[in-house]
Amino acid sequence: MTTAAVQHFLARCVVDSPFLELARNDLQRALSGLDLTGQERREFLGLDLNRVRTFVGFVTKVQNNTLWHTFPYTRLLVDHYGLDLELFSAYQAQHQCDRTDRVDRTQRTRHFAAFFPGWLASIGTTHYPGLLDLFRHERIWFEQRLALQASLPDQGRPIDPALLDQEGRAADSLVPWIRGLLLIESFDHDPDHVIQALRTDRRALADLTALPRLLAYWGDRDSSQLRVFEVDVHLRDLLGRVDGGHTLGQLLPAGDNPLRSALRTAVHRMAEVGVLTFHEED
């Protein structure tokens, strides 16, 4: 085969994902549209198309290096599991569509974020512990930061937490509402635990056990800062019912019991960091 014929074939495979798939499934038919000598055609029929697909994956990976600014630890874990070329071989079609449409960096990142979970499910999420959770964690950071940039500052200001130290009816009559952007997500593996293993001792990844977590991602519109903290199911449920129309007394469980006391403490903590503010009941 001449160098020119090989270069033309590989270039076509890189930029034309349907042609690559055709070549993998019916190479003779794919070659029928190329200007090749009989000898070249016979030599092409002996090509290892899996190696060609791996080469295409490498090129696609290099052309998507900017994605790792958003998903730096996902990248490390993908590489650790040896999935990088398989991932970008599968991503080639979407990547070429983005190049043709000249979409901006934010949209390219969103297209990759939409693609990744389905691709991982197709190869077996459970075979690669922590990968989906780590990806979701970094994706939430990305989307919450974009939302913060696009949102207006809060009109409400943090309340003096001393108001919540009251044990009587006065505190129960206050109406809580959420400042900024709050999203609570559940994880099978603690993303921070995975990140620490990637940073310090990757041998720990070989025995990565499930460690369920509920993480709250809170964006403060006034400071444009994003914070992450752990919550339990009771606080998650309470915060999910905060709508600016119910008093604290209505949101807390009835009676004098340990759960009510624990949730009061948690609400106090949310007020201290600025997640919650309060106003008098109308």
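Visitor: In which helix is Leu148 found?

Guide: In this predicted model, Leu148 is found in helix α10, which spans residues 131-150.

Visitor: Why is Leu148 called buried?

Guide: A residue counts as buried when its relative accessible area is under 20%, and Leu148 has a relative accessibility of 5%, so Leu148 falls under that cut-off and is called buried.

Visitor: Which residues are in contact with Leu148, leaving aside its neighbours within four places in sequence?

Guide: With those neighbours set aside, Leu148 is in contact with Leu181, Gly219, Asp220, Arg221, Ser224, Gln225 and Leu226.

Visitor: Where is Ser224 found, and how do you know whether to call it buried, partly exposed or exposed?

Guide: Ser224 is found in the loop between β3 and β4, and its relative accessible area is 40%. Buried would require a value under 20% and exposed a value over 50%, so Ser224, lying in between, is called partly exposed.

Visitor: What is there to say about the phi of Ser224?

Guide: The phi of Ser224 is near 60°, which is a positive value in a residue other than glycine. Ser224 sits in the turn of the hairpin that β3 and β4 form, with four residues between the two strands.

Visitor: How do you know that β3 and β4 pair, and in which sense do they run?

Guide: Two strands are said to pair if there are at least two bridges between them, and β3 and strand β4 (residues 225-230) have six, so they meet that condition, and they do so in the antiparallel sense. Within this pairing, Gly219 stands opposite Leu226 in β4.

Visitor: How many bridges join β3 to strand β2?

Guide: Seven bridges join strand β2 (residues 181-187) to β3, and these two strands run antiparallel. Here Phe187 stands opposite Arg213 in β3.

Visitor: What makes strand β3 largely enclosed by the rest of the structure?

Guide: Strand β3 covers residues 213-220, and seven of its eight residues are buried, which is why the strand is described as largely enclosed.

Visitor: Why is Arg102 called exposed?

Guide: The word exposed is kept for a relative accessible area over 50%, and Arg102 has 76%, so Arg102 passes that cut-off and is called exposed. Arg102 lies in the loop between α8 (92-101) and α9, and it has a positive phi of about 55° although it is not a glycine.

Key. Residues are numbered from 1 along each chain as its sequence is written. This is a predicted model: local features need pLDDT of at least 70, side-chain atom pairs count only at pLDDT 80 or more; totals for chains, interfaces and linings use all residues. Side-chain values use heavy atoms; hydrogens and water are left out. Buried means under 20% relative accessible area, exposed over 50%, partly exposed in between (1.4 Å probe, protein chains only). Contact means heavy atoms within 4.5 Å.
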